[in-house]
Amino acid sequence: MIEQQIELMAPAGSFEALMAAIQAGANSVYFGVDQLNMRARATMNFTLDDLGKIAEICQQYNVKTYLTLNTIIYDHDLSLFKRIVQEVKKHNITAIIASDQAVISYAHSQGVEVHISTQTNITNIESVKFFAHFADVMVLARELSLKQVKAIADAVKKEQITGPSGKLVALEVFAHGALCMAVSGKCYLSLHTHNSSANRGACIQNCRRTYTVIDKEEGFEFDIDNEFIMSPKDLCTIDFLDQLLGTGINVLKIEGRGRAPEYVKTVIACYREAIDAYQAGTYTSARIEGWMKRLHNVYNRGFWGGYYLGQKLGEWTDTSGSKARQKKVYLGKGVHYFSNLQVGEFKIEAQSLKKGDQILITGQTTGVIETSVYEIRVNNAIVDEAKRGEACSFKVAAKIRPSDKLYKVVEV
Amino acid sequence: MVTITQQRHKCIGCHYCVELAYDRWRMSKKDGKSVLLGATEKKGFYTVRVGDEELDDNLKAAEACPVKIIQVRQR
């Protein structure tokens, strides 16, 4: 049994993803509101008015809450960011994740816990010491190797570097999800081509495209190995999580505020199991194989271990989008739940639901339910298939709600 | 006559419109989003009619807007 405090931090881009993270066993969630966060472009961002509800849900499940306030800040943002910090304080959000000195300094002065964002690119122990004046938790740059991470973690203990709370500074690392081609996300490609600054959360992801090099003298065009040469594969550390946790870090962050709730559920569930297995001494290659299989089913650009293992650069993806082995197909909406029978009623609005189908139900309160359908009833008669336009019912172990969405999970 | 429309809630406060058409745009210190001067709001869309002399600058602002929420029409 390993007695190391490890926090699993999940992304929450929507209430559905938030519930999915909680259900899958996250210890904390992070999310953004309005435009001052690194997913400002996302249409599903929370608003300031949602903070109370988020805090209430998370306190109920004893999950810590972190609000991302990590874009660069202009003078015209000062009043808004201060208001956000005050709202964080009012609703007892656990901490804010910041990178701009203005935000770090103001939040600290207001007694709001500060975590340092990856945008600050912490790569050495002196930076950790500097930020320890303001912050109890800081994420290390994704570009560090395991050896470098361990050296910093060891030094924190040896030199007893403490944050404002008086406790040793907690170190956080990215464990899974999309990687940026630029160092610590400090990229200007999107700004140059579309005036759309990644550092204001508006990245248009130029790096995920293919490019051709043109010989200007003679006009020859070259495609580079048919690869997406600026698009890194996604980070995955589950197959060497023992080594990553062995460095002495305290928080595992999962990237993906733009991802769907079932992605959050699958990834968080896998890492939850892996952390628990590591601590219980049951982290085996057979289990790793199982987790990898599940992770491959949800959105991914192919996996690599990032820079942790000191691999050579050049793990570029060979597709434009996901290599997920499963996808979801919309079927319809929830209608009613019969608690005594544990039966959910749904209206099929597209395609059809067949006996044996693997399904996915998502909702703001429901989170994510994944199950299979063994018996379908339409008008109280057992049928093999419920067609478009029909209301059908089947067993669902957990409560579903009228606003929930029903999907069929199919192999790609 | 030129009609300028802004879908304000999608603004991410990048400051480009203010840089390019200063006579018509300012940043709000209240919420950090840009303000279309003189506009009236209807269902989240802010609209103002201005003279042709403002066309060029506002076309530049519309083109530069990273979230494409500015529309400029001339008639």
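Chain B holds an open sheet of four strands in the order β4-β5-β1-β6, paired in the antiparallel sense. Welcome to this structure, which is a predicted model.

- Strand β1 (residues 2-7) of chain B is joined to β6(B) by five bridges in the antiparallel sense.
- To find this pairing in the model, look for Thr5(B), whose bridge partner in β6(B) is Gln71(B).
- Helix α2 (residues 55-64) of chain B lies across β1 and β6 of chain B, and its direction is at about 145° to β6(B).

**Strand β2 of chain A**

- Five of the five residues of strand β2 (residues 28-32) of chain A are buried, so this strand is largely enclosed by the rest of the structure.
- Ser28(A), Tyr30(A) and Gly32(A) point one way from β2(A), while Val29(A) and Phe31(A) point the other way.
- One parallel partner of β2(A) is strand β1 (residues 7-11) of chain A, with three bridges between them.
- Within that pairing, Pro11(A) has Tyr30(A) of β2(A) as its bridge partner.
- Together with helix α1 (residues 15-24) of chain A, β1(A) and β2(A) make a right-handed β-α-β unit.
- β2(A) also pairs in the parallel sense with strand β3 (residues 64-69) of chain A, over five bridges.
- In β3(A), Leu67(A) stands opposite Phe31(A).

**Two loop residues with positive phi**

- Gln205(A) is not a glycine, yet its phi is positive, near 60°.
- You will find Gln205(A) in the loop between α7 (189-194) and β8 (212-214) of chain A.
- Gln205(A) counts as partly exposed because it has 17 C-beta neighbours inside 10 Å.
- Lys43(B), also a residue other than glycine, has a positive phi of about 50°.
- With 5 C-beta neighbours inside 10 Å, Lys43(B) counts as exposed.

**Where the chains touch**

- Chain A brings 15 residues into contact with 13 residues of chain B.
- On the side of chain A that touches chain B, there are four nonpolar, eight polar and three charged residues.

Definitions and conventions. Residues are numbered from 1 along each chain as its sequence is written. Chains are lettered from A and ligands numbered from 1 in the order in which they are written. This is a predicted model: local features need pLDDT of at least 70, side-chain atom pairs count only at pLDDT 80 or more; totals for chains, interfaces and linings use all residues. Two residues are in contact if their C-beta atoms, placed from the backbone, lie within 7 Å. Ala, Val, Leu, Ile, Met, Phe, Trp, Tyr, Cys and Pro count as nonpolar, Asp, Glu, Lys and Arg as charged, and the others, Gly among them, as polar. A residue is buried if 20 or more other C-beta atoms lie within 10 Å of its own, exposed if 12 or fewer, and partly exposed in between; C-beta atoms are placed from the backbone. Two strands pair if DSSP finds at least two bridges between them. A crossover is right-handed if, with the strands pointing away from the viewer, the path from the first strand over the helix to the second runs clockwise. Axes are lines fitted to C-alpha atoms, for helices over the stretch in contact, and angles run from 0 to 180 degrees between N-to-C directions.
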